[in-house]
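Colleague: I would like a close look at one part of this model, the place where two chains meet. Please take it step by step.

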Amino acid sequence: MIKKSENIYEIKKKGMNVPGRIFASDLLIKEVEEKTLEQIENVAKLPGIVEASFAMPDAHMGYGFCVGGVAAFDIKRGIISPGGIGYDINCGVRLIRTDIDKEDFLKKRKEIAKEIKNKIPSGVGKKGNYNLDLKELDEILETGVNWAVKNGYATKKDLENCEDQGCIKGADSTKVSQKAKGRGRNQICTLGAGNHFLEIQFVDEIFDNVVAKVFGLKKDKICVLIHSGSRGLGHQTASDYIRAMEEKFGWKNLPDRELACAPIDSQLGKDYISAMRSAANFAFVNRQLMMFAFREIFKKYFPKNKLELVYDVAHNIAKFEKYNIEGKKIELCVHRKGATRSFGPGRKEIPKCYQKSGQPIFIPGSMGTSSFVLVGTKESEKISFSSTAHGAGRVLSRSRAKNSLSAEKIIKDLEKNNIYLQTDSFRGIVEEAPEAYKDVEEVVEVSHKLKLGKKVARLKPLAVIKG
Amino acid sequence: MKYKFLEHTADIKFRAFGRNLDILFENIALAISEILSRGEKVEQSLKKEINIKSEDYESLLYDFIDELVYFLDTEQFLVSKAKVKIKGNELRATLYGDDALRYKGLENIKAATYSEMYIKNKDKFWEAQIVVDV
């Protein structure tokens, strides 16, 4: 591995079709494990990969692709790999703004956090409160947030301010197995467990006044951040297609069996893309219904205030996007696994209201630390296929976190920082402690300096709700 | 030793051992139970029969874990242990477990993965390595 320039490292080895390129500071590069480098190299060996196998500043060891991995494939020669998207298809983040003052919220904080916890089931095995029949589920898979608008759970404005307008076209519910539907049917509007969370935050600092204004962010006002995905429906869809692809196309020539893949233009490749889009639509609706629950609860405490969607971003997904390559506009299939799209001004894919500024990007910190709002840039198209980080990125294994940290100390630290935690169980808390993650400020700084996504605002948590 | 956990930054990695394939898979079920319950003892009030056919031992293992995760998500069945019989590439098992809603703070296994997976027959015993996505 060599340092190419400030915050950019490169790997070139025999057998790689393109180099591996890591965006990291001198501090962050030290935290990148050997296995992560191996995973970046493996991706660079896949057919049809263009330019480089990228790792974002928060990259760490995953399965198949590393987490924070980005790779673009030629649509004629390239492949699509579920392991390059992740089991939690369209795991993503939604940011909601309000006009509520921090001080007013603090007076009602505990009641609100408790009500949210009751209204949005979290943890393992819990069913959601929406009883969907299979016909309705299929409609969600194919029409996404449009279903929520039709049923009064979303406004037209919510639809506009969601990535892909809340519905990725080309979804086909018949490509999602009955098994996957069985897992997802009862899980809509449930948070899940692990690193998923709901956070009520306030705008602590604004770095870019002009863009913050466009995003509707004002200092000391309350925001809500929702981090969740497509639940069991997405997990099962990924598993089903990994199995189908290795059966159909084999895996003996692959550097890692988890990189099972199909040519993009094969029938199986197309089927997976339709299924992935269906699961992604399910995830958009999942986050939308949670937002609806927040609206219902906030209405009781702050009847005059509206909760408005800033944006909803996917950070586990593959998209077909056009880029200028050697003077030609070419469509590529961009895999982002634990990476956020960062389109700058003028991209037709982003909402009208963000056409001049670029799209909003959300990079949540670990539990109890700050989250960041960034804005997409024109420059990132050339550097990273319009991608940046998706979070702080783990640095400590769960077992090591469990052995070296105590739940009592973590809760005390949260209290000291004036953060209220609402959870069913403190057992999982140690695994999500800030010490188990990289420094989110450092991750964001690398993104900002390289112009992968530029800093707009910092948000600080006041209440955290977890499964 | 039935199984042991190894370091993995994001997910959970473990190795399981058994003097034959059946016991290896039974010990894998015990490891999965420990991961899900975070070490709490899981009662055996419920029983389930499963039957899986796959192309090789690794895919059999992938599908076996897939079934355990599926039952937890759809029927709130939390596995405690399994009695396994493998013939060729076919696995029959009786799963013993409990209602997941009786336990708090369960770990969420999203799926099995092939990442770093192997099943090896070493002289007198079998060994498997698995990473599950959590």
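How many salt bridges does the rule find across the interface of chain A and chain B?

Modeller: The rule finds 8 salt bridges across the interface of chain A and chain B, each a side-chain nitrogen of Lys or Arg within 4 Å of a carboxyl oxygen of Asp or Glu. This is a predicted model, in which local features need pLDDT of at least 70 and side-chain atom pairs pLDDT 80 or more, while totals for chains, interfaces and linings use all residues. Residues are numbered from 1 along each chain as written, chains are lettered from A and ligands numbered from 1 in written order, and side-chain values use heavy atoms, without hydrogens or water.

In one salt bridge, A:K179 meets B:D66 at 2.7 Å, N to O. On the side of chain A that touches chain B, the elements giving two or more residues are α2 (34-44), β4 (49-63), α7 (178-184), α9 (231-249) and α12 (398-404) of chain A. The largest share, 9 residues, belongs to α9(A). By class, that side of chain A has 9 nonpolar, 15 polar (Gly among them) and 20 charged residues (Asp, Glu, Lys and Arg).

In contact terms (heavy atoms within 4.5 Å), 44 residues of chain A touch 40 residues of chain B. The two chains bury about 3,600 Å² between them, as accessible area (1.4 Å probe) lost on being put together and summed over both. Carbon and sulfur atoms account for 48% of that area. Of the area that chain A buries against chain B, A:V124, A:R243 and A:R427 supply 19%, more than any other three residues.

How values were computed
Helices (H or I, at least four residues) and strands (E, at least two) are DSSP runs, numbered from the N terminus.
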